[in-house]
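My entries follow in the order in which I checked them.

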Amino acid sequence: MRKRWEKLTEHINKKGLDAMLVTSMINARYFSGFTGDNVTLLITGEKRILFTDFRYTIQAKIQSENFFDVREVQKSREIEALADEIKALGLKRVGFEEQTVSVGRFEEWKCFPCEFVPASEMLAEIRLIKSADEIENIVKAQNISDDAFLDILGRMKPGMTEKEVAVELEYRIKNGGADDIAFDIIVASGENGALCHAVPGLRKLAYGDLVVMDFGSKLNGYCSDMTRTVAIGEPSKKLCEIYRIVYEAQSIALDALKPGISCKALDAAARDYIASFGYGECFGHSLGHGFGLEVHEGPAASSRSEEVLKPGMTVTVEPGIYIEGLGGVRIEDCCIVTEDGHINPVTASKELLIIE
Ligand code: ZN
Ligand code: ZN
């Protein structure tokens, strides 16, 4: 934790700020360790103050390992307390999280005796490079997903609904030791597979379906993210063809995944391959995204991102082909960039698995 707010202090100075006001739960957790849902951090070069209410003061002291001056303040009096503190410390330029602060809250801050400077990007940049601890949590979260997936494969059969598969998977993830699922599980069968972010419904798995399953586990706050597509009975020639193309596109992108490659080039590695078979239009989303405390965070592995990958960054590799009325295929691994390549903690096989 210490390294994190020391780094934040460096960035505060570099940006010419007097302090940073951290208001989102995710960033407050990252910089202080505190996981309660009422939190505001005020961090200056010398001071670190954590505002929360009576319910959380003891927890905040423990979780922030006494590195923060924990102030108990009722939610209704928080504005006043913050304004007083900013005044007492003589802070003039204060960074804030413009991407998550509501318009209403920002309006209330108008009485503060300082200028507010948008600094969401600055915090996102600090979180880009993961530490060994963070990577360990991600890998462990992924291990839970892999175990849950193996288990569910043995139980899937025709006639089961998408929802039943999703619920069973969620149970196994939580029972496997995860804090929670990392995001709402996607189970999309048959023609529903063409909906990239389908909500599992009452459609029953049937012979000839491909089933897209996209899910993740959260451990100590850290998310994993994987997708596998399996077949129920022998799929059609066309579905087998798109599966093979996505599988190969994913492995081409994984081969290219190392430090020094731009997100744009990584995305192109898979996209160009898919397009060479005439399915370019059927791959409408980015190749991947970073992940960590949030399942979607920087860097964006998209065709427009010039960002160059560095050791410690995370990125998913998840090409797909989606055909309306027919179905879809997506294969996703969540990887961590290392000094000489990457770690891929996903162990589930990617050969097309046919469930009879
Ligand atoms: Zn996913
Ligand atoms: Zn993903």
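I counted as donors the N, O and S atoms within 2.8 Å of the metal (3.2 Å for Na, K and Ca), and since water is not among the atoms, sites may look incomplete. I kept in mind that this is a predicted model, in which local features need pLDDT of at least 70 and side-chain atom pairs count only at pLDDT 80 or more, while totals for chains, interfaces and linings use all residues. Residues are numbered from 1 along each chain as its sequence is written, chains are lettered from A and ligands numbered from 1 in the order in which they are written, and side-chain values use heavy atoms, with hydrogens and water left out.

I looked up the pair of metals and found the zinc ion (ligand 2) and the zinc ion (ligand 1) 3.1 Å apart, with Asp225 coordinating both.

For the zinc ion (ligand 2) I noted Asp225 (OD), His289 (NE2), Glu318 (OE) and Glu332 (OE) as coordinating atoms, at 2.0 to 2.2 Å. Along the chain these donors follow the spacing D-x63-H-x28-E-x13-E.

For the zinc ion (ligand 1) I listed Asp214 (OD), Asp214 (OD), Asp225 (OD) and Glu332 (OE), at 2.0 to 2.6 Å. The donor residues are spaced D-x10-D-x106-E in sequence.

I then checked burial (buried is under 20% relative accessible area, exposed over 50%, partly exposed in between, with a 1.4 Å probe and protein chains only). Asp214 counts as buried at 3% relative accessibility, Asp225 is buried with a relative accessible area of 3%, and both His289 and Glu332 are buried.
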